[in-house]
Amino acid sequence: MKEETQVRHGRLVKRLLLMTAAMFGFGFALVPLYDVFCDITGINGKIPGPRQASSQVLDESREVRVQFITQNNENMSWEFYPLVKEIKVHPGQSVKVEFLARNPAAHAMTGQAVPSVAPSRGADYFHKTECFCFTQQVLEPGEEIRMPVIFVVDTALPKDIRTLTLSYTLFDISKATTIKTKG
Amino acid sequence: MSAVVDDSHIHEHHGPAKGLGRWLFTTNHKDIGSMYLWFSFSMFLLGGTMAMVIRAELFQPGLQLVDPNFFNQMTTMHGLIMIFGAVMPAFVGLANWMLPMMIGAPDMALPRMNNWSFWILPFAFMLLLSTLFMEGGAPNFGWTSYAPLSTTYGPPSTIFFILSVHMMGVSSIMGAINVIATVLNMRAPGMTLMKMPMFAWAWLITAFLLIAVMPVLAGAITMLLMDIRFGTSFFNAAGGGDPVMYQHIFWFFGHPEVYIMILPAFGIVSHVIPTFARKKLFGYTSMVYAIGSIAFLSFLVWAHHMFTVGMPLAGELFFMYATMLIAVPTGVKVFNWITTMFRGALTFETPMLFACAFVILFSIGGFSGLMLAIAPADFQYHDSYFVVAHFHYVLVPGAVFSIFAAVYYWLPKWTGHMYDEALGKTHFWLSFIGVNLTFFPMHFVGLAGMPRRIPDYALQFADFNQVASIGAFLFGASQFLFLILLIKCVRAGRRASAQVWEGAEGLEWTVPSPAPYHTFTTPPKVV
């Protein structure tokens, strides 16, 4: 093969190998990019953090149905359910509901609940001013606890959203944390 | 069919090496092409056998022949072997054989890397197939390997599957680099890009797609490996990860992958139809731009495989519109092939039969694809047999038929013998009937609600499943006719001239048949 042709292969092949490496890196970059994309577009149903209850005018002309569902992740063995399955509220009205959690295991465990709101369009308008989801919950064997959630539905909730569903997934994070037993 | 009789005897001063070493160490694109093709055909028969197991179990309702876990291994391995072992290596083999001759080059750009690209494959597939005999069995989670089914609940052999796919990826990427370097750097003087044969254009663009997305697959399966072995949580919600993210990363590779499996087919058909219509390909420029547009758009549609995961409306709409858009350049190609045939002087030798069947049946596959593209409708079709019908239509009477067309078309050039035309036509008609009997009923059972990847089904699906299984057995058996034809042709047959087909055009038809071991050692002048 002529030398000139060989040199030309070299440069192109280097560029193509670089492109290969770049695309491999891109595949891994997709992992953080995934979160960035969700943050920017807000299309992931995540609730924007705890918020102080703003003094919102109560909108009595409108009723919004708020439903509560729970599930345990994978091998989490706790009993976990809402004390009311659904409730009708007015936007601007501060409401308190309770969830029950019980540790049936023979050893102390730590659980953490992660919330999600559906439809994800409505997540921005659902403000939880007090929520057990911000804390890691330690339960002794057999211990049962009632956990409150205080929330306000924003008066600016789009008119076509008539039902909001608050879902909690309970994770077992005992391994990830050192369990401090009570007393 | 009359072929131009013109032949000059070329005396080889040195031929290929003798014995096994010839094949282990060859850097010759013709030898490597032949190895790829034989390898792909044997994988086709192996993957086909797995399909026979699947269809035998599905012949009747009830679980008669295999247990569900083994059935799942069959569906998984069938997919992996057909995609990575049959279709892709066949196209690479055709590229190896034909691209240098088509562009007037003496060989591929990087002949030694070419050898390695091939030889990785038998080892990769030995590793993959060995998982069938490992404790826990072979991968059983579908070729798409969704997490956490593959990570948390997969068999111990999963990590071997991951390694094997890595090897296949390396082979594909190196092959793609070779194709690009060859096509961009080694065209004969006078052959500008817009004078290149369509198969060369198709492969040039396919090669870029391969380099862009095979590394992403490598990343995805590496993340699977890390979740399985190294305690990471890419796809584990409990650790802060997201199973849906696997689907996004996988299908970012997966969608361009299916175009990787069809663009070379488009190239082949753009050679065969003009030859047997004795008429130039209609709209060369638009055909090139169409392939480019399809390749570009293929990066923007991946989530149409995920319409039901809970994407927001904006996402569903975007991917729906983008997917529908791909039908436009594809339609341009189909219309151009038909226009090429219009008022042509047509004869229907076996390659032309396969090419015409391709145009019709691939288009049918495209129609079911358009139906699937409609996001709200897809909520009904997703994970049903309607999807199975769609992709088998575009892959079997699509990609596989184009490979048959190519083999029949170029066999006389490779072997110097005309194949047995009666046997070829028989192979075609049996395959055509078999393929339609197998996959058309799947549209109906899919629409009626039969899910995919199941070893047993509700009674109302029984009749169409029985028809599909019979069609599958017919199609499978017909491939042994093809094997017989291939062996016959390699060994003997009516002597083929250089031109072979009356209407064939291109540099490959200017060299003798069989093509000498080394061709175009001096580049031809192209006007």
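Two residues are in contact if their C-beta atoms, placed from the backbone, lie within 7 Å. Keep this cut-off in mind for a model that is predicted.

**Exercise 1. The two chains**

Find how many residues of chain B are in contact with chain A, and which helices supply them.

Solution. 
- Step 1: count both sides. 24 residues of chain B are in contact with 21 residues of chain A.
- Step 2: H5 (158–185), H6 (198–229), H7 (243–260) and H10 (313–341) of chain B each supply at least two residues.
- Step 3: find the top contributor. H6(B) gives the most, with 7 residues.
- Step 4: sort by class. The chain B side has 20 nonpolar and 4 polar residues, and no charged ones.

**Exercise 2. A helix pair**

Decide how helices H2 (residues 29–57) and H15 (residues 462–491) of chain B are arranged: roughly parallel or roughly antiparallel?

Solution. 
- Step 1: read the geometry. The axes of H2(B) and H15(B) lie 9 Å apart, at an angle of about 155°.
- Step 2: apply the cut-off. Angles over 145 degrees count as roughly antiparallel, and H2(B) and H15(B) are therefore roughly antiparallel.
- Step 3: H2(B) passes H15(B) in a left-handed crossing.
- Step 4: look at the residues. Those of H2(B) include Leu45(B), Gly48(B) and Arg55(B), and they meet a set in H15(B) that includes Ala468(B), Phe473(B) and Gln479(B).
- Step 5: sort this contact. It has 7 nonpolar, 4 polar and 1 charged residues.

**Exercise 3. The cores**

Name the residues that touch the most other members of the largest nonpolar core.

Solution. 
- Step 1: this core has 173 residues, and Val87(B), Phe358(B) and Ala405(B) touch the most other members.
- Step 2: take Ala405(B). Its contacts include Ile268(B), Pro351(B) and Phe358(B).
- Step 3: look elsewhere. Another core, of 24 residues, lies apart from the largest one, and Phe99(A) and Leu164(A) are among its members.

Conventions:
Residues numbered from 1 in each chain as written. Chains lettered and ligands numbered in written order. Predicted model: local features only at pLDDT ≥ 70, side-chain atom pairs only at ≥ 80, totals over all residues. Core = buried A, V, L, I, M, F, W, Y, C linked by C-beta atoms within 7 Å. Buried ≥ 20, exposed ≤ 12 C-beta atoms within 10 Å, placed from the backbone. Axes fitted to C-alpha atoms, helices over the stretch in contact; angles between N-to-C directions. Helix = DSSP H or I, 4+ residues; strand = E, 2+ residues; numbered from the N terminus. Parallel < 35°, antiparallel > 145°, perpendicular 65-115°, else oblique. Left-handed = near helix turned anticlockwise from the far one by under 90°. Nonpolar A, V, L, I, M, F, W, Y, C, P; charged D, E, K, R; others polar. Lists of a residue's contacts leave out its neighbours within four places in sequence.
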